[in-house]
Amino acid sequence: MPREIEMVVGTDRSGERHLMMGKKAERIKIVWLVAVSLVAGLAIFLTTQAGVRSWHNDELQRAALFWNGYAKLYVEETGGWSGLQERLQRDGYMYAGQSSMSISFYEGAKPESPVAEVKSEGMVLAERKLPVLSEGQVAGYTVVRMVTSLHTYGYALLGAALTALLIGFAGFWHWRRLARARDEVTYAMARSCLKQLNTAEDGQATARIVEDIEAQGTTRARSEAAVNAVREAIGELKRRKEKLETVRRTMVADIAHELRTPIAIMRTKLDHAIGAGEALPLEKLLPLHDETLRLTRLVRDLQELALAESGHLPLSKTWFSLTELASDVLETLAVQDDQHIVETEWTCSGDIRVYADMNRIRGVLINLIGNAFHHAKSKVSVHVGLSAPGDAYVSVSDDGRGIEEEERERVFDRFYRGETHRDRRRTTGLGLGLAIVKELMTAHGGAAEVSSVYGEGTTFTITVPVFAE
């Protein structure tokens, strides 16, 4: 596998961690945006209140000086405080519009209650008390208070809240704009990686995935779908890499194990011929020819198995009738096995057509039906049908000895022939047929299964999608 792909596979988990960290960072950004908006609104509120308070203090200073002078002139003019309340009512135009101001006049150096006042309802913000001096003596006091209502605070709070919402909306809009741009870049990069990581030979699988991604409603959804597709492609590459490593580690040992016997036989006979200094007769050449054929078959089966296990087995798919193919294979093998009488049973659920490699499926059926005739005592049954929407199956049963329970899990392993060596016919094969069957069905997107009752018989079932590219 190329080094770049290994690096991508190696960083799969780190990519998932980065994605989780990215989502966490987005939540933190939202929290910060809300916090900044609230702080900005609070700052606006406090600044507004500080400005209002400063303005009130200036107004309070001017009003206190004005009304203190007013009271001084009145006392000096009338010689006392009597009648001041009536004068204030007549001079109401002087404090008209000052509804946020309360004015009180007190008589004497230690006043108890006001002799005249102009009241304004509300909460006192600040007040200013000044003595009224007449002829060098304190004739009384003027107290001016600035008052406000809760409505004023409500308006200030409303303004601060609107400001916070405006800042939050602007920040969120800007953040979403940046997030959308980031999602677009992520989507473009993921789509490019997906095309590079695609393992389909014709690229149609990638085209369908891209169509599904582009059908998503939002940029964020497309970005996440593309990233998930890339992660799945990387996972598939990782699984293929692990399978390739397994094939590479075991292939040499398997080949050496299987080649040892035929090579030893051929070398022994040739060494004897060379030692004797004479040509081999025909009867001694025939075993060598058989061993050569066995080696050829072994190499061919190993090559096909290795291609299937690594995912590089070429498949030439066409539409064909699985029913007719299974029927032809059963009829052919039944004729070839006429040395001992075996009854055949054929059932089907109509003409079932599939999109697959017909030659590969034919080889699978020859292997399974041939094994059934090889082990059957008196009967072989073949049934073709639909197991589920979109899946077809072929079931091959025999009434032979069956497979012991501890052997069933290994019947699809390479070079496994079983422990029941008492049946000599069972040991003539190479032990690759069922392994090839399983890998061929996996390559088609199907499966191969076995069920057996020891002493009663065995049933092999293959499942193949009706249509799978």
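**Ground rules**

I number residues from 1 along each chain as its sequence is written, and I use heavy atoms for side-chain values, with hydrogens and water left out. Because the model is predicted, local features need pLDDT of at least 70 and side-chain atom pairs count only at pLDDT 80 or more, while totals for chains, interfaces and linings use all residues.

**Entry 1: the four-stranded sheet**

I looked up the strand order first. The sheet is open, has four strands in the order β2-β1-β4-β3, and its pairing is antiparallel. β2 (116-118) and β3 (123-134) are the edge strands; each has a single partner, so one side of each has no neighbour in the sheet. From one strand to the next the twist averages 15°. For the terms: strands (E, at least two residues) and helices (H or I, at least four residues) are DSSP runs, numbered from the N terminus. Two strands pair if DSSP finds at least two bridges between them. Axes are lines fitted to C-alpha atoms, for helices over the stretch in contact, and angles run from 0 to 180 degrees between N-to-C directions.

I then checked the join of β3 and β4. These strands run antiparallel and share eleven bridges. V124 has V147 of β4 opposite.

**Entry 2: G140**

I found G140 in strand β4 (residues 137-148). Is G140 buried or exposed? G140 has a relative accessible area of 0%, so I put it down as buried. The cut-offs are under 20% relative accessible area for buried and over 50% for exposed, with partly exposed in between (1.4 Å probe, protein chains only). Leaving out residues up to four places away in sequence, G140 touches W81, Y106, E107, G108, L130, P131 and V132. Contact here means heavy atoms within 4.5 Å. I also noted K110, 30 residues from G140 along the chain, with the two C-alpha atoms 7.9 Å apart.

**Entry 3: the five-stranded sheet**

This sheet is also open; its five strands have the order β6-β8-β9-β11-β10, and the pairing is mixed. Direction ignored, neighbouring strands are turned by 15° against each other on average.

β8 and strand β9 (residues 391-398) are joined by eight bridges and run antiparallel. V380 stands opposite D398 in β9. Which strands does helix α9 touch? Helix α9 (residues 358-375) packs on the sheet and touches β6, β8, β9 and β11, with its direction at about 20° to that of β9. α11 packs on the sheet too, touching β10 and β11, and its direction makes about 25° with that of β11.

For helix α11 (residues 433-443) I listed the buried residues: L434, A435, I436, V437, E439, L440 and M441.

Strand β10 (residues 447-453) and strand β11 (residues 457-465) run antiparallel, joined by seven bridges. V450 has F460 as its bridge partner in β11. The hairpin of β10 and β11 has three residues between the strands, and G455 there takes a positive phi near 95°.

**Entry 4: salt bridges**

I counted a salt bridge when a side-chain nitrogen of Lys or Arg lies within 4 Å of a carboxyl oxygen of Asp or Glu. The count comes to six salt bridges.

One of them joins E77 and R87, whose closest N and O atoms are 3.8 Å apart. This pair links distant parts of the chain, E77 in helix α2 and R87 in helix α3 (residues 84-90), ten residues apart. E77 is exposed at 57% relative accessible area.

K379 and E345 form another, with their closest N and O atoms 3.5 Å apart. It links K379 in strand β8 (residues 379-388) with E345 in strand β6 (residues 343-348), 34 residues apart. K379 is partly exposed at 29% relative accessibility, and E345 is partly exposed at 35%.

**Entry 5: nonpolar patch**

I28, W32, V36 and I167 make a nonpolar surface patch of about 380 Å². Patch residues have over 30% relative accessible area and no salt bridge; nonpolar side chains (Val, Leu, Ile, Met, Phe, Trp, Tyr) are joined within 5 Å, like charges within 9 Å. Areas come from the Shrake-Rupley method with a 1.4 Å probe, and for residues only the protein chains shown count as cover. Helix α2 (residues 12-78) gives the largest share of the patch, three residues. V36 is in helix α2 and is partly exposed, at 43% relative accessible area.
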